[in-house]
Amino acid sequence: MSKAMEPDLQTPLGTASGKVAKGPAKEWSHPSNHWLRGFVLDNRASLGTLAVFIVMMAVFMIANPTVFTTWYLYSSVLTTLPVALFVVVPLVFVVTCGEIDLSFPATMGFASWVFALVVQAGYDPFIGIAAALLTGTLLGFLVGSLVVYGGLSSLIATLGMNFLLRGLIQIINEGRSTALTGLADSSAYKIFSSQVWGIPVQVFWAIAFVVFSALLYNRHRFGAQVKVVGDNPDSARQMGIDVKWVRVKVFVFVGIGAAIAGTFSVMINFTWWPTAGDGYLLPVLASVFVGGTPTWGGIGTVVGGAIGAVTVSFIQTGVVAAGLSGFYVQFFNGLIIILSLLGHKWNQARYR
Amino acid sequence: MGERIIELRDIKKSYGQVYALGGVNLSVDRGEVVGLIGDNGAGKSTLIKILSGVVKPTSGEILVRDKPVTGWSAARSRDAGIETVFQDRALAVQQTIVRNIFMGRELTSFMGWLKVDKEIEEASRLMREIGFTSKVFTPHSIVGQLSGGERQGVAIARAIYKQAELIILDEPTTALSLTETAKVFHFVRQVRASGRSILFIGHNIHHVFDIADRFVVLDRGKVALATDRNEVKSAEDLINFMEDVAHPGGLPGLHEDAEQGAQ
């Protein structure tokens, strides 16, 4: 199938790239080795997700051009989207490792509760952020250890931990929320939650987080070992990788991401609710899989997951803004998820 | 022959009352390919496990480069430069060739960031060393796209990267086609040419005969035959010998036929 395409790819661009024949890998080079073709093949899952997003946005724009050309619509999505990104990305690592974590909503609630308590007690919000991050790390370690060293199914154990931690929050707070009115004057708020050129500043933090995590996934020993452990744990163990510790670390990563996400959501709303984070469970999970990370482990895409999160958060806004009633939101949510999964199944070969 | 890499002397291994190995002598020198043949239950896998240090022998002596070793273990075996390549189970098939070669031994700079270019360079060098050159695959190719023989090549390259002096190939050609087997043989010859040794374990006597310099036939936990390539004229000789060992009186049917033929 590739034979017919090779000459076309080779002649017009091949000389310009210079990357093909570079270095000692000369005898490996092949006409189909063109950088553009390689780029498309290596990133087909995330590119597929991007295509789904573009088609969806095109449909929305055709349905209601006036609303979709106003900045307000995008601004409102961009305020809440970063919160989701901070958990979607670590979850890509967890799913790649062959596990799942359903406890992140409660971790979001718990860590942001600690943040709210520290700020309410009159300390600087930076100390609150540090305390929230520490809480998230510890909870992630707790959940990870329970799953890995306890030898439990991550699906059930993390579901249980989600209920357990949320229940604990509810018991102690008895449903009361915490208002943090003084937050707006703090320097932490200006750095993490104000606006720059009309864009919510947390967007930039989220982009930085996605870029860092993508590098961690593709260019760091941690990402390499996560993929190998998810792919073939027996082999990884034979080659001297501490499989259990790698698994614990991905849960710790989710804990840290959830703590950041929870703190951001409190800063946006100036209020902490005992239910903080609950609404993110299903949209975040959907984003990971819409993004092109398969359920079976070993492979995944951080950038795809991020685009998946953008897609999922635009569905709700888009459906309503396109002039359909809110009753259509769930239907379109489901439609996009199913279509994406079918697309990825066709797009990715599964090796055994 | 060159330096003696490892020698087993009178190795016995019993599980309760049952002897898996009843006094085995085996040695591998530098730069030779030793073929280990034997039926199911002959004790091949126990012997491999002892060599790789996973299983400790009940009695017997192990010498590494002519020096007796005490406290033989998996770590000692690795330090002695022994690597075992198991059929098919060893690779992460959704990952690239590079990631498989450097699995657990990633080349990193500060803070654990990967030296991607260095890894590709090293991988190319290793693959070239075992004669795995390809116009179709690059170090970035997914292992799942490779054929069975080529996967063995990746596993062998990984073993070499781990500074292996002796590579134990456990049934590397089982379930491979003729052309794939030829590829594995090609890799094995390249490894021998580079001065490393291989212990080649096989069911298929023809395969082992084609590649090995020396043969060791195991039968019911004992070495039934240890011989040089020059002393065996053909694979059929080996097969006949193994049948004799397995059925000392000859198979009833065969024996009668032979007698009748003689008369």
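Two strands count as paired if DSSP finds at least two bridges between them. I start there, as the first part of this talk is about sheets. Please keep in mind that this is a predicted model.

Chain B first. Strand 1, residues 4–15, and strand 2 of chain B run antiparallel and are joined by nine bridges. To pick out a position, B:Lys13 has B:Leu21 in strand 2 of chain B as its bridge partner. These strands belong to an open sheet of four strands in chain B, with the order 2-1-4-5 and antiparallel pairing. Strand 2 (18–29) and strand 5 (67–68) of chain B each have a single partner strand, so they stand at the edges and one side of each is left without a neighbour in the sheet. Across strand 1 and strand 2 of chain B lies helix 1, residues 44–51, which runs at about 60 degrees to strand 2 of chain B.

Now the other sheet. Chain B has an open sheet of six strands in the order 6-7-8-3-9-10, and its pairing is mixed. Its edge strands are strand 6 (82–86) and strand 10 of chain B, each pairing on one side only. On average, and ignoring direction, neighbouring strands of this sheet are turned by 20 degrees against each other.

Helix 1 of chain B lies across several strands, including strand 3, strand 6 and strand 9 of chain B, and runs at about 150 degrees to strand 7 of chain B. Helix 6 of chain B lies across strand 3, strand 7 and strand 8 of chain B, at about 150 degrees to strand 8 of chain B.

Helix 6 (residues 178–193) of chain B also meets helix 5 (residues 148–161) of chain B: their axes come within 7 Å and cross at roughly 20 degrees. That angle is why helix 5 of chain B counts as roughly parallel to helix 6 of chain B. The crossing is right-handed. Among the residues that meet are B:Gly149 and B:Ile156 from helix 5 of chain B, and B:Val184 and B:Phe187 from helix 6 of chain B. By class, the residues of this contact are four nonpolar, five polar and three charged.

Chain A has a helix pair as well. Helix 5 (residues 71–96) and helix 15 (residues 302–321) of chain A have axes that come within 8 Å and cross at roughly 145 degrees. This contact has 14 nonpolar, six polar and no charged residues.

How many residues of chain B are in contact with chain A? There are 28, and they touch 27 residues of chain A. Helix 4 (residues 116–129) of chain B gives the most to its side, with four residues.

Last, confidence. Chain A averages a pLDDT of 83, and 89% of the residues score at least 70. Over residues 1–26 of chain A, pLDDT stays under 50.

Notes. Residues are numbered from 1 along each chain as its sequence is written. Chains are lettered from A and ligands numbered from 1 in the order in which they are written. This is a predicted model: local features need pLDDT of at least 70, side-chain atom pairs count only at pLDDT 80 or more; totals for chains, interfaces and linings use all residues. Axes are lines fitted to C-alpha atoms, for helices over the stretch in contact, and angles run from 0 to 180 degrees between N-to-C directions. Helices (H or I, at least four residues) and strands (E, at least two) are DSSP runs, numbered from the N terminus. Angles under 35 degrees count as roughly parallel, over 145 as roughly antiparallel, 65 to 115 as roughly perpendicular and the rest as oblique. A crossing is left-handed if the near helix is turned anticlockwise from the far one by less than a right angle, and right-handed if clockwise. Two residues are in contact if their C-beta atoms, placed from the backbone, lie within 7 Å. Ala, Val, Leu, Ile, Met, Phe, Trp, Tyr, Cys and Pro count as nonpolar, Asp, Glu, Lys and Arg as charged, and the others, Gly among them, as polar. pLDDT is the predictor's confidence in each residue, from 0 to 100.
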